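Visitor: I would like a close look at one part of this model, the nonpolar core, together with the elements and charged side chains around it. Please take it step by step.

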Amino acid sequence: MEQDGIPPTPLDSRQAGSTAIGSLATAERPLILLVEDDFMLRGSLAAVLQSEGYRVESAANALEALTRLTRPPKPSLILLDIMLPYMDGLEFRAVQRAAPEMADIPVIVITAVGLRPDVAVELDLRQTFFKPLERPRLLDAIRRHLAPCTG
C-alpha cells in the first residue's frame, strides 16, 4: 500500500495537465465503482473520471456497492471511502474479499481519516489517498491499478 503524502490540491475537473486514456477510444472503457457518501465529492469525482474516459457507477454507501457487485459488468477498480453509513469501507472490503467472484477487484481508498498500514496490507488496499484529493496522483494510481476490463 502506498500513501499519498504530498500536500493536496483541490480536485477540479477543469484542471490543466489532464492525461486522457488514449486506448479508450478503441477499446471498452474501464468501469470504476465509486463508493462515497458525500454527494458533492461523489458527483465531482465521477465527472472527473468520466472526462478521463472511464465509465463510472456510484454508490452512496457500502450496502449499495455490495448490491451493485452482484450484477455484471464487473468493475475494473473500486474507489472506496472509509467512513460510510451502515457499513464502513473496511468492513465492505472484508466482505468483498470473502466473495470469490468479486475478491480480485482492486481497491483504492479515499479517506479523511488515517489508516493503519497493517490494516491496509491485510485488506490488500492498493493505495490510500487523503481528502482533499490530489487529482493527478489519483488518476495515475487508477491507471496503474486497473484490473483488465471484463465488460
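Guide: What follows goes from the core to a strand pair and then to the charged residues. The model is a predicted one.

The largest nonpolar core has 23 residues, and V35, L69, I78, L80, F92 and L125 touch the most other members. Two or more residues come from each of β2 (31-35), α2 (62-68), β4 (77-81), β5 (107-111) and α4 (117-122). Helix α2 is the element that gives the most, with three residues. In soluble globular proteins, nonpolar side chains tend to be buried together.

V35 shows how the surroundings are made up. Beyond its neighbours within four places in sequence, V35 is in contact with A59, N61, A62 and A65, and also with I78, L79, L80, D81 and L84. Another core, of 19 residues, lies apart from the largest one and includes V48, Y54, F129 and A141.

Leaving out residues up to four places away in sequence, A141 touches I108, Q127 and F129. Q127 is 14 residues from A141 along the chain, and their C-alpha atoms are separated by 7.5 Å.

Back at β2, the strand pairs with β3 (residues 55-59) in the parallel sense, over five bridges. One of the residues involved is I32, whose bridge partner in β3 is V56. Between the two strands the chain passes through helix α1 (residues 39-51), and this β-α-β crossover is right-handed.

Helix α1 also holds R42. R42 is buried but has no salt bridge; E36, the nearest side chain of opposite charge, is 6.3 Å away, and the cut-off for a salt bridge is 4 Å between nitrogen and oxygen. Not counting residues up to four places away in sequence, R42 touches L34, E36, D37, S58, A59 and A60. E36 does take part in a network of salt bridges, with D81 and K131.

The structure holds 11 salt bridges. One of them joins E57 and R68, with the closest N and O atoms 2.4 Å apart. This pair links distant parts of the chain, since E57 is in strand β3 and R68 in helix α2, 11 residues apart. R68 counts as buried because its relative accessibility is 6%, whereas E57, at 25%, is partly exposed.

R93 and D124 form another salt bridge, at 3.8 Å from N to O. R93, at 1% relative accessibility, counts as buried, while D124, at 33%, counts as partly exposed.

The salt bridge between R116 and D118 has its closest N and O atoms 2.9 Å apart. R116 is exposed, with a relative accessible area of 54%, and D118 is partly exposed at 45% relative accessibility.

Key
Residues numbered from 1 in each chain as written. Predicted model: local features only at pLDDT ≥ 70, side-chain atom pairs only at ≥ 80, totals over all residues. Heavy atoms only, no water. Core = buried A, V, L, I, M, F, W, Y, C linked by side-chain atoms within 4.5 Å. Buried < 20%, exposed > 50% of the residue type's maximum accessible area, 1.4 Å probe, protein only. Helix = DSSP H or I, 4+ residues; strand = E, 2+ residues; numbered from the N terminus. Contact = heavy atoms within 4.5 Å. Pairing = 2+ DSSP bridges. Right-handed = clockwise from strand over helix to strand, strands pointing away. Lys, Arg positive; Asp, Glu negative; His and termini not counted.
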